[in-house]
Amino acid sequence: MNSQARIMVVLCAVMGLLMAFLVPASAAPITILNPSFESPSVAQGTNSWDAITNWTISSGDAGVWNPGPWYAIPYGSQVAWMNAGATISQTLGATIAPNSLYYLQAYVASGWYNASYTLQLVADNTVVAQITGQPPAQPFIFQQVGLLYQPSNQYIGDNLQINISAAGAALDVNKVTLNRYIEVPYILNPSFESPSVAQGTNSWDNITNWIITSGDAGVWNPGPWYTTIPAGNQIAWMHAGATICQFLGVKIKANTLYNLQAYFASGWYNASYTLQLVDAQDNVVLAQITGQPPAQPFIFQQEGLLYQSNSQYIGDNLEIRISAAGAALDVDEVTLTSIPIPSTLLLLGSGIAGMALMWRRRS
Ligand SMILES: [Ca+2]
């Protein structure tokens, strides 16, 4: 590494650190009406029949129940009861926002041994995420269950709907919550708008905040070459054999899920990309993805990878590397975001892997 690169690394580290402090990760609750089934209010030991305020009973029989001494209830004094075959739904007022990870949770219980629940998130009349399971075998004990949903671009702006279904036997439900984890951006000049160049022109071996470690690369303002650019007016161009990287001020945190994404395109048929998340201290590739941009020239497609922090690398700085092979590659809008993994989700490692696969298929 030459001295200029070293200085850039230090600058990146300082600026990245500042950004990390200015934009803390946070969970924002999404409003669910009557989330804990306290309305309509009923007397202890009684229930409503096919009436739950703000919820639609789209199949079967369901209502609210004030069970009194039957239950230790997580919130309030009422639960929703659902017979096997029942589904309750609520369409939320909030629209799906980009750079988000949604976490739907509910408490489920049953007085029967063979009850099962299904939680679903629906967008644009499509089930986008679901989880099915059984409440605790011990009767009348509530357990919190949940699912993660990372929206793909096609659903941004749509309303989310929640479905809860019961099968096998009667199910009780309490306190439904939906949180949006707002992802934290870490990358400088992520969409290659700097240095700014005139339409139809490009920079050569100069991309602000990025280090070109091999081959030739720069920014390009392609104008009419591209009908759609993911962000701004400029993209990065990379010749075959080129690698660009950025050292981030972000240190790897425990129990964190990192999501690295970028848009790729090419004017050639045999271009391929490699996107890597790297431990900069140990020079270890933590996660990578290799593939080809769309066969149709000058069409961008988003690709990405997920990395769940491993205790061995905690405290080390992250680096992003992007490489081109085969033919010239164009890149835009690189995003690295992270969310702290709630402790209950650490048990759902397979669910996270499943989500990654689903997400890749859709993109
Ligand atoms: Ca751009």
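Because the model is predicted, local features were considered at pLDDT of at least 70 and side-chain atom pairs only at pLDDT 80 or more, whereas totals for chains, interfaces and linings use all residues. Residues are numbered from 1 along each chain as its sequence is written. The average pLDDT (the predictor's confidence in each residue, from 0 to 100) is 86 for the protein, and 86% of the residues score at least 70. Over residues 1-25 the pLDDT stays under 50, and the model places 33 contacts beyond four places in sequence there, a contact being two residues whose C-beta atoms, placed from the backbone, lie within 7 Å. The pLDDT is also below 50 over residues 347-363, a stretch that has 16 contacts beyond near neighbours in sequence.

The protein has 2 helices and 21 strands, taken as DSSP runs (H or I of at least four residues for helices, E of at least two for strands) and numbered from the N terminus. Of the contacts with a separation of 6 or more, 74% are between residues 24 or more positions apart.

Five strands form an open sheet in the order β13-β14-β21-β16-β19 with antiparallel pairing, where two strands pair if DSSP finds at least two bridges between them. The edge strands, β13 (217-220) and β19 (301-308), each pair on one side only. Within this sheet, strand β16 (residues 256-265) is joined to strand β21 (residues 329-340) by 9 bridges in the antiparallel sense, and N259 has T337 in β21 as its bridge partner. Elsewhere, strands β7 (residues 116-123) and β8 (residues 126-133) run antiparallel and are joined by 7 bridges, with V122 standing opposite V127 in β8. These two strands form a hairpin with 2 residues between them, and D124 in the turn has a positive phi of about 55 degrees.

Buried residues (20 or more other C-beta atoms within 10 Å of their own, with C-beta atoms placed from the backbone) make up 37% of the 363 residues. Leaving aside neighbours within four places in sequence, V331 is in contact with I235, A236, M238, A262, Y263, F264 and I322.

Note on methods
A residue is buried if 20 or more other C-beta atoms lie within 10 Å of its own, exposed if 12 or fewer, and partly exposed in between; C-beta atoms are placed from the backbone.
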